[in-house]
Amino acid sequence: MLIAQVTDLHLHADPGHPNLARFKRVLDHLLTLQPPPDLLVLSGDLADDGALESYRHLQGALARWPRPVRLALGNHDSRAHFQAVFGGVHAADGFVQSRSAFGALQVVVLDTLEEGRHGGAFCEARAGWLRQAVQDSEGAPLLVFLHHPPVDVGIPWIDPGPCQDWIARLDGALQGAQVAGICSGHVHLGGVFRWRGRQVVTCPSSSSDLSLGFASMMGGQPDGRPLVEQGEPAFALNRWEDGALATLFGRCPQRVLARWDAGTQPMVTSMLAEKKPA
């Protein structure tokens, strides 16, 4: 199974804002893949401004996607405005959470939005829903999507920091679950981390990248370091095969440097032949 993840779209009410075009480029690229992804997950900060029109732009863009979609919310989103456009399709107990079976794999989407807060949140109501989802999965592997990673990545201004109640609550709700992986957004960069024995993967963004800066920061002492940069729109592909998760990070190509044609045939044929048992 192939699951495409796109995150941190940061769409605006203004349809001329470049982030909408960048997201459409990612969709166009994903639609060219062979085989195509079986599922698309958008893991939060769908809107930058939380405006109704931003979610309408998203709805319009997704009309071209022919396969299942699951949506999560991030700290820039408005739960009320999202639900006004998308309804209760992705909702559970008032939050944007869902559990879906795709073959033997259970895909769980969690809501870590607390409006007015930049970092994550996961209240007891959401934790209770997750505990029930774990129970209902009956030991099947869970692939969990959420916006905020429950782990520090080393960038001081984006890291949650130690002793966050919501992280402890998430950990407790996942006890006893067979977690195939935890896929998040928020960091705008691709990375792989270990969190309490589980694999956490952060997805790069379709809108922008965070700058790599690991030096400590003092809130009252700005030092001029770069915080946000922009490369080509990015995404992640999560492949579930033989009971294991593999993640690849991709960007929309600016230009193709090589193709599978007569010129590359000798090299590729030789490489494929090496796969055969000696």
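This is a predicted model: local features need pLDDT of at least 70, side-chain atom pairs count only at pLDDT 80 or more; totals for chains, interfaces and linings use all residues.

A: Two packed helices are described by the angle between their axes and the distance between the axes. For H4 (residues 124-137) and H5 (residues 165-173), the angle is about 20 degrees and the axes are 9 Å apart. H4 passes H5 in a right-handed crossing.

Q: Which residues of H4 and H5 meet?

A: From H4 come Glu-124, Ala-127, Leu-130, Arg-131 and Val-134, and from H5 come Arg-169, Leu-170 and Ala-173. By class, this contact has five nonpolar and three charged residues, with no polar ones.

Q: At what angle do helix H1 and helix H2 pack?

A: H1 (residues 18-32) and H2 (residues 52-62) pack at about 25 degrees, and their axes are 11 Å apart. That angle makes H1 roughly parallel to H2. The crossing of H1 past H2 is right-handed. On the H1 side the contact is made by Leu-20, Phe-23, Lys-24 and Leu-27, and on the H2 side by His-57, Leu-58, Ala-61 and Leu-62. Six of these contact residues are nonpolar, one is polar and one is charged.

Q: Turning to the sheets, in what order do the six strands of the open sheet lie?

A: Strands of a sheet pair through backbone hydrogen bonds, either parallel or antiparallel. Here the order of the six strands is E4-E5-E6-E7-E9-E8, and the pairing is mixed. E4 (98-102) and E8 (191-195) stand at the edges with a single partner strand each, so one side of each has no neighbour in the sheet. On average, neighbouring strands of this sheet are turned by 20 degrees against each other, direction ignored.

Q: Do E8 and E9 pair in the parallel or the antiparallel sense, and over how many bridges?

A: E8 and E9 (residues 198-202) pair in the antiparallel sense, over five bridges. As one instance, Trp-195 has Arg-198 in E9 as its bridge partner. H4, discussed above, packs on this sheet and touches E4, E5 (105-109) and E6 (142-145). The direction of H4 makes about 20 degrees with that of E4.

Q: What is the order of the open sheet of five strands?

A: The order is E3-E2-E1-E12-E13, with mixed pairing. The edge strands are E3 (69-72) and E13 (244-251), each of which pairs on one side only. From one strand to the next, the twist averages 20 degrees. Within the sheet, E1 (residues 2-6) and E2 (residues 39-43) run parallel and are joined by four bridges. Gln-5, for example, has Val-41 in E2 as its bridge partner.

Q: Where in the chain is the cis peptide bond, and which residue other than glycine has a positive phi?

A: The cis peptide bond joins Gln-34 and Pro-35, with omega about -5 degrees. Pro-35 is placed in the loop between H1 and E2. The positive phi belongs to His-10, at a value near 50 degrees. His-10 lies in the loop between E1 and H1.

Q: Which residues does UniProt list for a domain?

A: An unreviewed UniProt entry lists residues 1-188 as "domain: Calcineurin-like phosphoesterase". Over residues 1-188 the chain is 30% helix and 18% strand, with the end C-alpha atoms 24 Å apart.

Terms used: Residues are numbered from 1 along each chain as its sequence is written. Side-chain values use heavy atoms; hydrogens and water are left out. Axes are lines fitted to C-alpha atoms, for helices over the stretch in contact, and angles run from 0 to 180 degrees between N-to-C directions. Helices (H or I, at least four residues) and strands (E, at least two) are DSSP runs, numbered from the N terminus. A crossing is left-handed if the near helix is turned anticlockwise from the far one by less than a right angle, and right-handed if clockwise. Contact means heavy atoms within 4.5 Å. Ala, Val, Leu, Ile, Met, Phe, Trp, Tyr, Cys and Pro count as nonpolar, Asp, Glu, Lys and Arg as charged, and the others, Gly among them, as polar. Two strands pair if DSSP finds at least two bridges between them. UniProt positions are given in the numbering used here, feature names are shortened, and annotations may be inferred rather than shown by experiment. Angles under 35 degrees count as roughly parallel, over 145 as roughly antiparallel, 65 to 115 as roughly perpendicular and the rest as oblique.
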